[in-house]
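Hi,

Here is the structure I said I would pass on.

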Amino acid sequence: MAQKAEEFKKEKEIFLEHIQKSGLRRTAQRETILEVFLRTEEHLSSEDLYRIVRNEDPNVGQTTVYRTLKLLTEAGLAREVRLGDGRTYYEHHFDHEHHDHMICTECGEVIEFFSQEIEELQDAMAEKFGFKPTHHSLRILGICKNCKKKEKDLQSAAPGAQPRIRVKTTIG
Ligand SMILES: [Zn+2]
Ligand SMILES: [Zn+2]
Ligand SMILES: [Zn+2]
């Protein structure tokens, strides 16, 4: 727990430095948004974060949350992630290892994974094309373990059961 507080201290310093460099003022609202973001180990859209922040400070506006997320991204504390539903999500970037994502198109579950082998193959492929990679995000869409199980249970349901309607996400 103490280590976590230390980590936040470093991230707060980075944020403050970035704010000052951008000629902005340190405000209580921005600090609240930063803290809530750091406490939440999830993939959050600006709207998601706004909903959580509002519980702590009802005066914070949606635009302030959006702009602060942009500042966090510029400062290297957050990074944008696209999960395939056309929305932009944010996750922790500072002190966080690179990883890629599997996304369940049934329930929206996001699994983070890392494979040294896949990373190396990607680099080798880029090299083959004389391409200098600066960034990548690998996204695998499919059906998670739980949903696969539910699907199987459904198949063994009595005939005449309504087929389940699936909302497909569009690849953004
Ligand atoms: Zn990767
Ligand atoms: Zn699922
Ligand atoms: Zn992630």
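Predicted model: local features only at pLDDT ≥ 70, side-chain atom pairs only at ≥ 80, totals over all residues.

Let's begin with an open sheet of 3 strands, in the order E1-E3-E2, paired antiparallel. Its edge strands are E1 (44-45) and E2, each of which pairs on one side only. If you want to trace the pairing, start with E2 (residues 78-82) and E3 (residues 88-92): these two run antiparallel and are joined by 5 bridges. One pair to look for is arginine 79 with its bridge partner in E3, glutamate 91. E2 and E3 form a hairpin with 5 residues between the strands, and glycine 84 in that hairpin has a positive phi near 105°.

On to E1, which runs antiparallel to E3 and is joined to it by 2 bridges. Here leucine 44 has tyrosine 90 of E3 as its bridge partner.

**The helix on that sheet**

Helix H4 (residues 62-74) packs on this sheet, where it touches E2 and E3. The direction of H4 makes about 105° with that of E2. H4 is 13 residues in length, and from its first C-alpha to its last it reaches 19 Å, close to the 18 Å expected at 1.5 Å a residue.

Which residues of H4 are buried? They are Val65, Thr68, Leu69 and Leu72. Looking down the axis of H4, you'll see that its buried residues fall within an arc of 105°, so they line one face of the helix. Turn to the face of H4 that points away from the buried side, and you'll find the exposed residues Thr63 and Glu74. Just after H4 comes glycine 76, with a positive phi of about 85°.

**The sheet with E4, E5 and E6**

There is also an open sheet of 3 strands with the order E5-E4-E6, and its pairing is mixed. At the edges sit E5 (110-113) and E6 (139-142), each pairing on one side only. From one strand to the next, the twist averages 20°.

For the pairing here, take E4 (residues 100-104) and E5: they run antiparallel, with 4 bridges joining them. A handy pair to pick out is methionine 102, which stands opposite isoleucine 111 in E5.

Cheers

Notes. Residues numbered from 1 in each chain as written. Chains lettered and ligands numbered in written order. Pairing = 2+ DSSP bridges. Contact = placed C-beta atoms within 7 Å. Axes fitted to C-alpha atoms, helices over the stretch in contact; angles between N-to-C directions. Expected span 1.5 Å × (residues − 1). Buried ≥ 20, exposed ≤ 12 C-beta atoms within 10 Å, placed from the backbone. Arc of directions from axis to C-beta.
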